[in-house]
Amino acid sequence: MLKLILSDIDGTLLPFDRQALSGELFELIRAFHRRGVAFCPSSGRQYSSLHRLFEPVEDLVYFMCENGGGLYHQGRTLSTRPLPRALAEEIITRLYARPDCEVLISAGGTLYILPVQRHIQNNTVYLSVSSMVHLAQSPREIPGEILRVSAYCHEGSAKVEAEMGEEWRRRGARVAVSTQNWIDFTASTKGTGLLDLCGVLGIDPKETAALGDNFNDLPLLEAAGRAYVMETAPQAMLDRFPLHCRRAEDTLRLLLEECGG
């Protein structure tokens, strides 16, 4: 029996050519709630960003943020998985030293950048992520738990992943390519986030369904009882998961019908 649905946001619930979620999606979330099925947006974004995006149904959903680094519901923190501080600061320092990367750090509900003196600085990178970006002079100045270190990679995230990914995985970080230009370093994945939320709700992961479209969604899709991949996903993901999705709302409506909707 289906008890929990989790879905990626960008490229899945929110196509890249749109800025707002559909009213149809909100009605589906309300219908799932009436049938006792929980809904959880699952994203690399911060809680503040998701909270605004889902404002019409914010009290009905659980939020998985920072690629599983934080779980929230009705303004309460359910769990967090921060990066070890020394490891986070070293990752930040290494990324900051690269001429092809701009670094974004999520800590204590705030996004931080370090001073950028290189010609590649592009403020639209940060403005597109959040309107609340603060400047820190060094990683040591960033307060609170560091849940995620991200890099905008001007030469592509695949290049940075190939050069740095394996080393940081060996040292305990989770490394995920989220888009063509963004790469994330966390202590969590969307898969650990799913397991954490199942523990909070007291349900079996087999009683879940998940939707995603990119490689940072792989742990989520692998952990879920049923996995749907957007048709726009990389071919490797389409080959790996047999259930494909053209439009998220259509797939959610089919799941609702299974629940008696």
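**Figure 1. Pairing of strand β1 with strand β2.** In β2, Ala 38 is the bridge partner of Leu 4. The chain passes from β1 through helix α1 (residues 23-34) to β2, and this β-α-β crossover is right-handed, a term used where, with the strands pointing away from the viewer, the path from the first strand over the helix to the second runs clockwise. Strands β1 and β2 (residues 38-42) run parallel and are joined by five bridges; two strands pair if DSSP finds at least two bridges between them. Helices (H or I, at least four residues) and strands (E, at least two) are DSSP runs, numbered from the N terminus. The model is predicted: local features need pLDDT of at least 70, side-chain atom pairs count only at pLDDT 80 or more, and totals for chains, interfaces and linings use all residues. Residues are numbered from 1 along each chain as its sequence is written, and side-chain values use heavy atoms, with hydrogens and water left out.

Figure 2. Five of the five residues of β1 (residues 4-8) are buried, where buried means under 20% relative accessible area, exposed over 50% and partly exposed in between (1.4 Å probe, protein chains only). Leu 4, Leu 6 and Asp 8 point one way from the strand, whereas Ile 5 and Ser 7 point the other way. Four bridges pair β1 with β12 (residues 208-212) in the parallel sense. Leu 211 in β12 stands opposite Ser 7.

**Figure 3. Packing of helices α3 and α5.** Helix α3 (residues 85-96) and helix α5 (residues 157-170) pack at an angle of about 160°, and their axes lie 13 Å apart. The two helices are therefore roughly antiparallel to each other, the term for angles over 145 degrees. On the α3 side, Leu 87, Glu 90, Ile 91, Arg 94 and Leu 95 meet Val 160, Met 164, Glu 167 and Trp 168 of α5.

Figure 4. Ser 157 is buried, with a relative accessible area of 1%. Not counting residues up to four places away in sequence, Ser 157 touches Val 177, Thr 179, Gln 180, Asn 181, Trp 182 and Ile 183, contact meaning heavy atoms within 4.5 Å.

**Figure 5. Asp 10 in the loop between β1 and α1****.** Asp 10 counts as partly exposed, at 27% relative accessibility. Phe 16, Ser 43, Arg 45 and Asp 213 are touched by Asp 10, not counting residues up to four places away in sequence. Asp 10 and Leu 256 are 246 residues apart in sequence and 22 Å apart in space, C-alpha to C-alpha.

Definitions and conventions:
Axes are lines fitted to C-alpha atoms, for helices over the stretch in contact, and angles run from 0 to 180 degrees between N-to-C directions. Angles under 35 degrees count as roughly parallel, over 145 as roughly antiparallel, 65 to 115 as roughly perpendicular and the rest as oblique.
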